[in-house]
Amino acid sequence: MRSIFCFILLLLFSQVHAQTFYISATGSDAVGNGSANSPWRTLAKACNTVTQAGSIIHVKAGIYTETEQAQLAPGVSIEGEDSSSVIRSAIRDDWKEILSLRSEEGTNGNQYIANIVFDGQDLSTFWAVYVGGRSHVSIHDCRFLNFKDRGVIFAGRNDDKAEAPAVYAKGNRFFNNILLNCAAYNTPNGVYGRGCLNIGGQDSMLIYNNRMQQNQRPNGYNGYLIKYHNDGYLKDVKIFNNTLIKIPFAGNYGGDNGWDFAIECWNVEGGMEIYGNTIQGAIDIVTTTRGMYKYGVWIHDNRIGQPVLNSHFESGIIFEVSNESVIVENNTLQKVSGGILFYPQENTVLSDIIIRNNRFEQIGRQSGNGNNGNGIHISAGSLHGNTNRYTLSNLLVQNNRFIAAENNAPFYGIEITGAAAANGIHIKKNTIQGFTAAWLVANPANVIDSLVLEENILSGNGHGNEPLFMVGAPAHLLSNKNSKSGAAPPGAGFNIREQVLRPIYYEARSINPMQAIALLSLLLFLLFARKEIKYAFPAIGLYAGLSALTSYLDEQVGRALLYGSLFIPAVYGWIAWRKRDRKGHRVVRIGYSSGKALQMQLAGFGIAYVLLFVAFRMADHYFTTGIIPWIDAFFFAALLTATGTMCFKRMECWYWIAGACAAGIASYLMKHYLFNSCYYALLLIVSVWAFFKWKKRMTRVRV
């Protein structure tokens with residue numbers, strides 16, 4: 001009871017001693033006492049004098065030119081009268097602000113700054129306000145004009161280290177402010193983007209009803225509107241009902257003449273919400289975790305875009321590195337090149353992503369070569385290395401409307417490329433219209449375990465409104481109740497670059513050295529066999545061995561055994577083709593099979609086909625994913641029969657090889673392996689060529 005009474009007395013005592021102090025353009029720092037009748041002349045004098053918590057420094061109407069930094073104590077607030085209370089800075093030192101609110105981490109500021117104009121005087125002053133280590137600080141109804149590097153900084157730390165604070169700043173507010181021309185890019189201190197408002201180490205901060213504009217400097221010199229500070233580390237931050245205007249992007253790639261970011265936040269630790277904003281420029285989020293919150297970041301009900309299509313690449317919403325528990329809904333993204341972009345990095349994760357009820361309107365560029373963006377784009381980024389190492393799980397894309405720009409529309413509506421593994425992708429009930437190459441592309445597609453395409457309205461997209469899969473197909477694909485209509489836009493339809501050259505390139509790039517040597521060995525097998533060179537069988541043996549090894553390493557035991565079975569005819573053929581009679585002539589010579597031998601070939605092929613077909617149907621998990629039993633059984637049965645028949649140099653071996661090649665072409669086409677399909681087409685040509693070469697040299701006797 002005594003402690004409560006003492007606290008009440010202390011509170012009353014502080015309130016009695018707390019008061020309002022004044023500065024005036026006609027006041028005097030030398031003789032003034034800060035009263036209404038005898039005000040001080042400068043903000044620096046007032047801030048350095050007034051330290052009692054609960055006190056207020058009132059800035060009367062007028063223009064104040066500050067030559068010294070003002071140090072504002074915790075608990076002391078500053079208020080102006082309106083836009084007529086103007087603080088101008090004559091401070092020209094780099095890394096220095098006019099008004100400093102720096103304290104130890106965890107300090108309770110419990111103060112506000114309101115109704116003041118801070119003027120950097122034509123970019124002569126570095127920063128306006130720095131709030132470091134303090135909680136419960138509000139800045140509202142202020143204007144920040146023409147600062148050289150940054151406008152306002154809220155930092156949880158007070159030492160400027162780029163790491164999370166030990167104690168996060170809580171409950172800070174920034175609202176009803178106007179910030180014009182306060183963020184730099186490409187300064188003498190380095191090529192680095194600053195922000196009009198910079199935030200780091202914040203918990204439960206509110207940023208709302210502000211107007212920020214950064215388009216006053218030449219291209220390549222404009223920073224961002226809201227940017228992380230000290231690598232971010234942001235919890236439960238809400239950014240809403242702001243108007244943000246960034247200069248249109250003028251670079252040919254990211255970092256060329258700056259970036260297109262209006263908002264850039266790093267290390268979001270859950271609970272971030274960005275909503276109700278009107279944004280000219282992009283939102284960029286780098287690394288999101290859910291933490292203790294219901295979501296990592298929730299971006300909704302924003303209008304994002306440009307007044308006209310840019311001839312350069314403009315982004316809408318960007319997610320970089322790892323991101324989990326992301327919700328993007330009810331936004332309008334208009335006249336941008338890339339609507340929602342994910343750039344994960346090596347060994348990073350995208351998980352629990354929801355994109356729903358958004359409108360993507362006029363997606364594309366004003367001019368370009370066709371590679372004009374996407375509605376949704378997911379690919380390996382370049383921040384830490386462009387390697388196929390990210391994983392994607394639980395992606396829902398539902399009830400969105402994707403409309404490509406009429407001129408220079410993008411190739412693809414939705415693009416998923418560069419993943420090491422992906423699972424649980426659902427694309428449902430979307431309207432997708434006017435994309436020139438295909439409405440959906442997946443590359444590599446063979447890393448996707450499950451993909452559901454359901455009840456989408458697909459109109460006027462290339463590739464016949466069908467998805468385009470490169471480097472294989474998803475292991476489990478469900479395509480159900482999708483509506484397809486409309487002719488593709490002008491310039492769409494068959495695109496040799498996107499539908500032939502690009503799939504071949506990426507598939508060839510995905511082949512590892514062992515697979516490449518195996519494929520080359522198969523070609524050498526045919527070329528050696530054409531000239532009856534005994535090294536044909538070591539070549540087919542090398543093909544079998546490497547293929548068996550790669551299959552085993554991929555945990556495809558059944559496929560490994562199949563390739564291993566080719567060793568038997570390889571060894572027998574090597575022995576048979578080396579035999580010579582007493583005169584040094586070959587013992588085994590080219591010829592046609594007898595009727596009985598031909599019957600044995602057909603019987604062997606039939607038995608192998610049936611056994612393989614049953615194995616592929618009943619135990620497909622021991623073989624490669626996406627196996628097609630009827631055609632793959634034909635391929636392997638024909639290859640085994642061909643190799644066995646070649647041991648005896650029977651002309652029919654080339655029929656079996658041609659049949660195996662034809663089956664390989666069809667099988668790989670159906671599985672979306674265009675490079676392999678083309679390779680087997682080459683082998684088919686070689687086998688037909690070899691057949692006619694043998695025919696000229698055969699013994700013309702049936703054996």
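Take strand β15 (residues 195–200): six of its six residues are buried, so this strand is largely enclosed by the rest of the structure. Buried here means under 20% relative accessible area, exposed means over 50%, and partly exposed is in between (1.4 Å probe, protein chains only). Strands are DSSP runs of E with at least two residues, helices are runs of H or I with at least four, and both are numbered from the N terminus. Keep in mind that this is a predicted model, where local features need pLDDT of at least 70 and side-chain atom pairs count only at pLDDT 80 or more, while totals for chains, interfaces and linings use all residues. Residues are numbered from 1 along each chain as its sequence is written, and side-chain values use heavy atoms, with hydrogens and water left out.

What does β15 pair with? Two strands pair if DSSP finds at least two bridges between them. Strand β11 (residues 152–155) runs parallel to β15, joined by four bridges, and Phe154 sits opposite Ile199 of β15. Another four bridges tie β15 to strand β19 (residues 224–228), again in parallel; there, Gly195 faces Tyr224 of β19.

Now look at strand β6 (residues 85–89). Four of its five residues are buried, so β6 is largely enclosed by the rest of the structure. Strand β3 (residues 62–66) runs parallel to β6 through five bridges, with Val86 in β6 as the bridge partner of Ile63. Strand β8 (residues 117–119) is also parallel to β6, by way of three bridges, and Phe118 in β8 is the partner of Ile87.

Over to the helices. Helix α4 (residues 513–530) and helix α5 (residues 536–553) pack at about 155°, their axes 8 Å apart. The axes are lines fitted to C-alpha atoms, for helices over the stretch in contact, and the angles run from 0 to 180 degrees between N-to-C directions. Residues making the contact (heavy atoms within 4.5 Å) include Met514, Ile517, Leu524 and Phe528 of α4, and Ala539, Tyr543, Leu546 and Leu553 of α5. The residues of this contact divide into 16 nonpolar, four polar and no charged. For that count, Ala, Val, Leu, Ile, Met, Phe, Trp, Tyr, Cys and Pro are nonpolar, Asp, Glu, Lys and Arg are charged, and the others, Gly among them, are polar.

A couple of single residues are worth a visit. Thr417 lies in strand β37 (residues 412–417) and, at 9% relative accessibility, counts as buried. Setting aside neighbours within four places in sequence, Thr417 touches Ile378, Ser379, Ala380, Tyr390, Asn443 and Arg502. One of those contacts, Asn443, is joined to Pro444 by a cis peptide bond, with omega about -5°. Pro444 itself is in the loop between β40 (438–443) and β41 (450–454).

Phi of Asn176 is near 60°, a positive value in a residue other than glycine; Asn176 is in the loop between β13 (173–175) and β14 (178–180). Glu455 also has phi near 60°, in the loop between β41 and β42 (457–459). Asn176 is partly exposed, with a relative accessible area of 29%, and Glu455 counts as partly exposed at 36%.
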